[in-house]
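Hi,

Here is the structure I said I would pass on. Have a look through it first, and then read on for my notes.

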Amino acid sequence: MPNREFYEVGVPIHDTANPARRGLHVFTGVADSPAAALRRAHEVYDAALAAQQAGLEVPGKEPDSWGAAGLRPGWQMEWTAATAGRWHNPLSCTIRSDFAL
């Protein structure tokens with residue numbers, strides 16, 4: 001049975017109207033590897049974007065905790081630059097993150 005842990009995926013974003021405006025969209029959820037986390041983040045983003053473009057409500061979190069909230073119209077995701085690693089509690093000083101940008 002795979003080891004399922006909480007992961008975070010950071011996807012750089014930019015404003016298509018003003019590419020100098022940049023940011024980071026972070027997804028979190030349960031996965032068994034960084035590659036699986038990246039795949040799930042992309043899947044929930046695609047589903048949320050399709051719903052938004054169809055004028056439907058963006059789906060909430062799925063049972064594995066993955067979801068896509070806060071989509072910004074006019075902002076482009078840079079999936080080729082996305083990084084994934086085990087999630088760490090930013091309030092904890094005892095947990096080191098594998099997540100690096």
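This is a predicted model: local features need pLDDT of at least 70, side-chain atom pairs count only at pLDDT 80 or more; totals for chains, interfaces and linings use all residues.

To get you oriented, which residue in S2 is the bridge partner of Gly 10? Gly 10 pairs with Val 26. That pairing belongs to an antiparallel arrangement in which ten bridges join S1 to strand S2, residues 22–31.

**Overall layout**

The protein has four strands and one helix. Reading from the N terminus, the order of the elements is β-β-α-β-β. There are 101 residues in the protein, and 35% of them are buried. If you take the contacts between residues at least 6 apart in sequence, 62% join residues at least 24 apart.

**Where S1 meets the end of S4**

Start with the aromatic one: the count of aromatic pairs comes to three. In one of them, the ring centres of Phe 6 and Trp 87 are 5.9 Å apart and the planes are at 80°, and since over 60 degrees counts as edge-to-face, that is what this pair is. Phe 6 is in strand S1 (residues 5–15) while Trp 87 is in the segment after strand S4 (83–86), so the pair ties together parts 81 residues apart in sequence.

The salt bridges come to seven in total. One of them is within helix H1 (residues 34–53): Glu 43 and Arg 39 meet at 3.0 Å, N to O, and they sit four residues apart, about one turn of the helix. Glu 43 is partly exposed, with a relative accessible area of 34%, and Arg 39 is partly exposed at 45%.

Then there is Arg 40, which forms a salt bridge with Asp 64, the closest N and O atoms being 2.8 Å apart. This one links distant parts of the chain, with Arg 40 in helix H1 and Asp 64 in the loop between H1 and strand S3 (75–77), 24 residues apart. Are these two partners buried or exposed? Arg 40 has a relative accessible area of 12%, so it counts as buried. Asp 64 is at 18%, so it is buried as well, the cut-off being under 20%. Through shared partners, salt bridges join Arg 39, Arg 40, Glu 43, Glu 62 and Asp 64 into one network.

**Asp 15 and its surroundings**

You will find Asp 15 in strand S1, and its relative accessible area of 9% makes it buried. What does its side chain reach at 2.9 Å? The answer is the backbone nitrogen of Ala 17. Beyond its neighbours within four places in sequence, Asp 15 is in contact with Arg 21, Gly 74 and Trp 75.

Trp 75 turns up again with a charge over its ring: the charged end of Arg 72 sits there, 5.0 Å from the ring centre.

**One more aromatic group**

Ring pairs also link Phe 27, Tyr 45 and Trp 79 into a cluster. When you open the model, I would colour these three residues alongside Phe 6 and Trp 87, the edge-to-face pair from above.

Cheers

Note on methods: Residues are numbered from 1 along each chain as its sequence is written. Side-chain values use heavy atoms; hydrogens and water are left out. Rings of Phe, Tyr and Trp (its six-membered ring) pair if their centres lie within 6.5 Å; planes under 30 degrees apart count as stacked, over 60 as edge-to-face and the rest as tilted. Helices (H or I, at least four residues) and strands (E, at least two) are DSSP runs, numbered from the N terminus. A charge sits over a ring if NZ of Lys or CZ of Arg is within 6 Å of the ring centre and within 35 degrees of the ring normal. Buried means under 20% relative accessible area, exposed over 50%, partly exposed in between (1.4 Å probe, protein chains only). A polar contact is a pair of N or O atoms within 3.5 Å; within protein, one must be able to donate a hydrogen and the other to accept it, and residues adjacent in sequence count only if both atoms are side-chain atoms. Contact means heavy atoms within 4.5 Å. Two strands pair if DSSP finds at least two bridges between them. A salt bridge is a side-chain nitrogen of Lys or Arg within 4 Å of a carboxyl oxygen of Asp or Glu.
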